[in-house]
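Here's a walk through one protein model, piece by piece. Keep the picture open as you read, and look for each part as it comes up.

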Amino acid sequence: MPDPAVLFTDRSGFPPDGPPRAVVRARTVADVQRTLAEAGRTGTPVVTRGAGTGLAGGAVTGRGAIVLDVSGLDRILGIDPVDGIARVEPGVITADLDRAAAEHGLMYAPDPGSVAISTVGGNIATNAGGLRGAKYGVTRDSVLALDVVLADGTLLHLGHDTVKGVVGLDLVGLVVGSEGTLAVVVGATLRLLPRPARVATAVAYFASVTAAADASIALSAAGLRPAVLELVDGRTLAAIDDLRGTGHAGRGAALLLVQTDGYGAGEEIEAVAAVLARTALTVETTLDPATAAALSAARRDALPAIEAKGRVLIEDIAVPRSRLAEAIDGVHAIAAATGTDVFVFAHAGDGNLHPIILVDTEAAAQQAADDIFALALALGGTVSAEHGVGLLKRAWLERELGADALALQRRIKQLFDPAGILNPGKAL
Ligand SMILES: Cc1cc2nc3c(=O)[nH]c(=O)nc-3n(C[C@H](O)[C@H](O)[C@H](O)COP(=O)(O)OP(=O)(O)OC[C@H]3O[C@@H](n4cnc5c(N)ncnc54)[C@H](O)[C@@H]3O)c2cc1C
């Protein structure tokens with residue numbers, strides 16, 4: 001059995017404020033119900049966790065809490081190719097579900113960078129995004145119905161097992177992204193899509209990060225909607241070169257990775273390449289999966305390459321797509337002003353930037369993070385696009401939501417969880 005202390009934190013690096021009272025490794029829905037009924041009776045906080053890959057501190061334990069590990073509820077209960085749905089338990093690893101769907105010619109679209117290590121339940125609780133989000137949206141767009149256990153141990157089925165259904169309020173929408181504060185997800189009915197017949201890839205290098213961001217905006221303006229549209233800045237390219245011995249930084253100051261999919265993928269990628277070629281230094285396209293994997297390696301290597309340089313703060317803001325270039329310029333200006341090393345890669349199709357701050361001094365890194373959050377709000381964006389609020393971004397909630405909307409959300413939390421035992425002090 002692994003060291004239980006790994007169950008007390010997540011990948012945010014945020015330390016627990018003390019040891020939990022107990023760890024429950026649930027194997028059945030009844031285990032979850034019994035745990036919550038007992039916690040409700042004794043007023044004990046419950047911190048639910050999947051794989052603990054969260055980056056916002058959502059699964060970090062509080063002193064005296066019960067850690068409720070649901071990663072052992074890990075069965076794919078069924079895949080129905082005709083209805084285009086999967087029924088799963090929350091501990092299923094996301095990539096395993098996509099692999100199982102592939103056996104039926106189907107795809108589970110949400111593909112966070114952590115697809116091979118995070119759980120479907122954790123993805124639902126954080127409303128995780130992914131590389132294919134540019135075309136297929138975020139986890140919310142793939143969730144039709146949920147089985148949840150409420151704070152008093154009651155088991156409820158929310159939503160519809162059909163692709164359409166409007167009866168009742170959208171409680172599934174409330175639970176998705178609620179970071180374990182409203183209910184524990186113990187089952188899900190998920191939408192599957194036909195697996196694309198073809199995937200085409202383009203990689204372009206640019207003379208500046210602004211030119212790359214502008215090119216990503218030009219793709220939208222041209223009416224193109226790639227499945228994947230990722231940007232990597234020059235500092236990150238140099239870090240990848242340091243890690244892998246590659247020569248990206250010598251080819252340009254920023255890179256765009258674009259993928260189109262479906263029967264017309266080849267035709268669409270040529271249209272993409274024509275737009276990129278207007279401003280790019282070089283553009284390369286391929287339909288060959290092995291060449292595509294080689295071309296996309298830089299994007300996959302981005303985070304590990306930066307992490308190899310030292311301790312990092314992984315940020316996650318989003319701005320309207322049209323303001324992506326302004327946001328990236330703003331982040332670089334903040335790095336200069338705070339004397340911090342900040343690397344940027346972005347899900348450009350969603351206007352979602354990951355500024356990664358290398359922590360030299362704690363104070364400078366925190367100042368840079370705060371300035372980046374303020375920049376996101378000033379550009380009409382959000383302080384968290386996909387990682388969640390957890391512990392790390394609570395101080396920014398009221399500034400983003402406004403006092404009245406935040407108070408309404410806290411009243412909703414009270415309705416679900418009157419005793420306030422579900423992940424207290426997180427997200428809301
Ligand atoms: C290398 C790396 C890459 C990443 N890339 C991305 C990315 O591209 N996009 C993205 O969105 N995120 C990304 N993440 C962040 C993280 O993987 C996601 O937030 C993921 O959804 C967390 O899943 P998990 O199973 O690890 O959940 P955990 O970290 O265990 O929990 C996350 C939150 O969900 C709650 N929770 C977990 N399971 C349940 C449940 N069954 N019921 C109720 N609440 C629950 C927890 O209380 C906590 O608040 C990345 C992380 C890493 C380390």
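## Strand S18 and its partners

Strand S16 (residues 317–318) and strand S18 pair in the antiparallel sense over 2 bridges, and Ile317 stands opposite Leu353 in S18. Two strands count as paired here if DSSP finds at least two bridges between them. The strands themselves are DSSP runs of E with at least two residues, helices are runs of H or I with at least four, and both are numbered from the N terminus. Keep in mind that this is a predicted model: local features need pLDDT of at least 70, side-chain atom pairs count only at pLDDT 80 or more, and totals for chains, interfaces and linings use all residues. Residues are numbered from 1 along each chain as its sequence is written.

With strand S17 (residues 341–347), S18 pairs antiparallel over 7 bridges, and Phe343 has Ile356 in S18 as its bridge partner. The hairpin of S17 and S18 has 4 residues between the strands, and Gly351 there takes a positive phi near 65°. Strand S15 (residues 312–314) is joined to S18 by 3 bridges, again antiparallel, with Val312 partnered by Leu358.

So, how many of the residues of S18 are buried? The count is 7 of 7, where buried means that 20 or more other C-beta atoms lie within 10 Å of a residue's own, exposed means 12 or fewer, and partly exposed is in between (C-beta atoms are placed from the backbone). Both faces are covered: Asn352, His354, Ile356 and Leu358 on one side, and Leu353, Pro355 and Ile357 on the other.

Now look at a sheet with 3 strands. It's open, the order is S1-S3-S2, and the pairing is parallel. Strand S1 (22–25) and strand S2 (46–49) sit at the edges, each pairing on one side only. Neighbouring strands are turned by 20° against each other on average, direction ignored.

S2 and strand S3 (residues 66–69) share 4 bridges, and Arg49 stands opposite Asp69 in S3. Helix H1 (residues 29–42) lies across S1, S2 and S3, running at about 165° to S3. For that angle, axes are lines fitted to C-alpha atoms (for helices, over the stretch in contact), and angles run from 0 to 180 degrees between N-to-C directions.

## Around the ligand

Which residues come nearest to the ligand? Of the 38 around it, they are Gly50, Gly54, Gly58, Gly122 and Gly180; a residue is near if its C-beta atom, placed from the backbone, lies within 6 Å. S2, helix H3 (120–126) and strand S9 (184–191) each give two or more residues to this shell. H3 provides the largest share, 5 residues.

The chain is divided into domain 1 (76–194) and domain 2 (199–378), with bounds from an automatic or database domain assignment. Their C-alpha centres lie 28 Å apart. Where they meet, 8 residues of domain 1 are in contact with 11 of domain 2, contact meaning C-beta atoms, placed from the backbone, within 7 Å.

Finally, find Asp261 in strand S13 (residues 254–261). Why does Asp261 count as buried? Because it has 22 C-beta neighbours inside 10 Å. Leaving aside neighbours within four places in sequence, Asp261 is in contact with Pro196, Arg198, Val199 and Ala227.

Conventions: Contact = placed C-beta atoms within 7 Å.
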